Every structure is written in C-alpha cells, then in structure tokens.
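Have the sequence and the 3D view open as you read.

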Amino acid sequence: MNRDIKFRGKGIEEYDKDKWYYGSYFIYNAINYFCLDDGSRTKEINEKIKNNIKYKIIFEMQGDLNMENHIKLADVNPETVGQYTGVDDKNGKEIYEGDIVLLDCYNYEEPLFSGEFKVIYDVEKGMWLLVDLENKDRVFTFGEIRSYYKAEIEVIGNEVDNTELLGGE
C-alpha cells in the first residue's frame, strides 16, 4: 500500500482544546468490566462501557537533540476527527475531511466556475466528495476535478474552526 492514512482531531483538555493533533486514530474502552452477569445488569454494564469510550490520536513528537522521538497520545473530540484525503491543495497543504476549500476550475485558460466546497467522505460511494456550499446538488470527486478541468484547490478553513464559512448549513 502506497498512501498515507492519517487523521486529525482537536484536543479536549483545557490546555489543548484549540490544538489539532495529526496521526493515527483509535477508539477504545478505558475500563474493562468483567463480571458474571445473569442478565440483570447487562443494561447497567453497557451504559458504563458506553460512558468510558475514549477517542485518541497517536502521534510522534520530536525528541531532544540526539534523542529518539517520542510516541504520544492525545484525547480528542470525536466530532472534530477527519481523515486525510491523500490530496494536497495548491500550496502543498494536506486536505482533510471537514475542510472548506476554494475551488477554481478552468477550461484551458477560461474560468468555468469558482466556489467554496466542503470535503466529505461518502460511505455508500466509498469516495471523497467536494460539495458546493451554495448549491448542494453540485458535487464533484477529486478524480472528476483532475480529469475534466484544470483546477486549483485551496484550503481556506474547516467546519470546526470556521463555521461562518458554512453559511446556512
């Protein structure tokens, strides 16, 4: 496999709630409940398990001079987690799920259209989509944009930090 699979998520602690973490994403139950249950406590146990789910990004942090790098974990808000699309914008910035991008498309040198689009992953289709924020019926894949148009894509924000870009969504 020759592609980067990585995620980003925003911290949940007071000291890092405005910080994005980039790396591998995993979900786990922080507490292991082992008990013999006759079925009378199943609901209670399931509720405790549900309340102890943790969402983490694991990332590498540079060590001091001549020291190994460190592997760190950060608790993240699951509503902020987005996956890297594998595509970078015109400035070399990685494009993630939930990003808002400015898309300028040309036919040769003639401008065709320009607009702000939200990056989403469509589970049913199994692909990344660009959804026009003004006209939700106008949807493109990254492949379509690259195949049919000369296009420039630039990340201008994301749905977490820049809700004002989403307009009426």
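## A lysine tucked away

K10 is buried, with a relative accessible area of 9% (buried means under 20% relative accessible area, exposed over 50%, partly exposed in between, with a 1.4 Å probe and protein chains only). Before going on: this is a predicted model, where local features need pLDDT of at least 70, side-chain atom pairs count only at pLDDT 80 or more, and totals for chains, interfaces and linings use all residues. Residues are numbered from 1 along each chain as its sequence is written, and side-chain values use heavy atoms, leaving out hydrogens and water.

What does the side chain of K10 join up with through a polar contact? That would be the side chain of D161, at 2.2 Å (a polar contact is a pair of N or O atoms within 3.5 Å; within protein, one must be able to donate a hydrogen and the other to accept it, and residues adjacent in sequence count only if both atoms are side-chain atoms). Leaving aside residues up to four places away in sequence, K10 also touches a list of others, including W20, D75, N77 and V160 (contact means heavy atoms within 4.5 Å).

## The sheet around it

K10 is found in strand β1 (strands are DSSP runs of E, at least two residues, numbered from the N terminus). Six strands make an open antiparallel sheet, in the order β4-β3-β2-β1-β5-β6 (two strands pair if DSSP finds at least two bridges between them). β4 (70-75) and β6 (94-96) are at the edges with a single partner strand each, so one side of each has no neighbour in the sheet. β1 (residues 7-10) pairs with β2 (residues 20-29) over four bridges, in the antiparallel sense, and F7 stands opposite G23 in β2.

## Rings

There are eight aromatic pairs by the rule used here: ring centres of Phe, Tyr and Trp (its six-membered ring) within 6.5 Å, with planes under 30 degrees apart called stacked, over 60 edge-to-face and the rest tilted. Two of the pairs:

| Pair | Centre to centre | Between planes | Type |
|---|---|---|---|
| Y84 and Y96 | 5.5 Å | 45° | tilted |
| F113 and F140 | 5.3 Å | 5° | stacked |

Y84 lies in β5 (residues 82-88) and Y96 in β6, so their pair ties together parts twelve residues apart in sequence. F113 in β8 (residues 110-122) and F140 in β10 (residues 139-141) are 27 residues apart. Both Y84 and Y96 are buried, and so are both F113 and F140.
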